[in-house]
Amino acid sequence: MKYKKFAQKAVDKLQESQSEFRAKYDTDNYASWFYNQSSETLRLYSDDKEIYFRYIPVGTFSLNTNTWMWAWANEDSIEPRKFRTLKIKEFGEKKNYENLSNALIDGDKYTGWESTAIAFDIIGGIGTYRVISDHLEVYFLLTEQITKEQVEKIESELIECSTHGKLRTAFICQHLNTENKTGFEEAFETYRGMELGEDDDLQAWCAECEKERLKDDGWNDESMEFAKIKLVCERCYFEIKESNLDAKKH
């Protein structure tokens, strides 16, 4: 299927779904918006009401340069779930749709909504939303409605990283870093932007800590003392992981 035909089908599908979403959540009747990259939450509010959603960032359209950038390529974004949009890139590479596989493309006033419609078709969600901040149009896939209490819980579990800002927490042993290749063992297989269960944490330790752990078939006071687990942000965690895994390829 040619790209234009594919894109139009996605736009038609979103228009039908979006009208139902807007009616159900009354999204047109809120005076203001606020989105928090750290918690990936969108708040719509007026003087007498408010509503919250979780979101996946889709991308941004620059009104200055008339260009669209996919969220997966946006290094200024700290949202973990932006990597969900790599699914769109992979689809574009498979179908040879350069508008989906290229990080930055030229566009016009329709490009943002067209790209978001395609994201909605490939990734899914309950609806979409756009905000305009300065010269940027920012597009979101909304995945679920949540309560204010849920937002506060999400934000309470974030850590302020001096390098990357406020992000989800992760736990690593004292020996892990990006300078030295020490091996990388995890509690479970992880990837950037993954959803975590309520009782799950990103946890990793080095090869030497794994040896200590296996001596007694699990963690104990001695192995924990050897590991000296410390807190880092999610982005630090994956930079360390990728640094260590790259070493295995050489």
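Student: Let's start with Trp205: does it count as buried or exposed?

Tutor: Keep in mind that this is a predicted model. Trp205 counts as buried, since its relative accessibility is 6% and the cut-off for buried is under 20%. Its ring pairs with that of Trp219. The two are edge-to-face, 5.2 Å centre to centre and with 85 degrees between the planes. Trp205 belongs to strand S11 (residues 202-205), while Trp219 is in the loop between helix H6 (207-215) and helix H7 (221-227), so this pair ties together parts 14 residues apart in sequence. Trp219 is partly exposed, at 32% relative accessibility.

For another kind of ring pair, look at Trp33 and Tyr35: they are stacked, 6.0 Å centre to centre, with 25 degrees between the planes. Trp33 is partly exposed, with a relative accessible area of 31%. The count of aromatic pairs comes to 17.

Tyr3, Phe6, Phe91 and Tyr97 make up one aromatic cluster. Phe91 is in H2, where Lys87, Ile88 and Phe91 meet Ala119, Ile122 and Ile123 of H4. That contact has five nonpolar residues, no polar ones and one charged. Tyr3 and Phe6 are among the H1 residues that meet H4, whose side of the contact includes Trp113 and Phe120. Here the residues divide into ten nonpolar, two polar and three charged. The axes of H1 and H4 come within 8 Å and cross at roughly 80 degrees, which makes H1 roughly perpendicular to H4.

Terms used
Residues numbered from 1 in each chain as written. Predicted model: local features only at pLDDT ≥ 70, side-chain atom pairs only at ≥ 80, totals over all residues. Heavy atoms only, no water. Contact = heavy atoms within 4.5 Å. Helix = DSSP H or I, 4+ residues; strand = E, 2+ residues; numbered from the N terminus. Nonpolar A, V, L, I, M, F, W, Y, C, P; charged D, E, K, R; others polar. Axes fitted to C-alpha atoms, helices over the stretch in contact; angles between N-to-C directions. Parallel < 35°, antiparallel > 145°, perpendicular 65-115°, else oblique. Phe/Tyr/Trp six-rings, centres within 6.5 Å; stacked < 30°, edge-to-face > 60°. Buried < 20%, exposed > 50% of the residue type's maximum accessible area, 1.4 Å probe, protein only.
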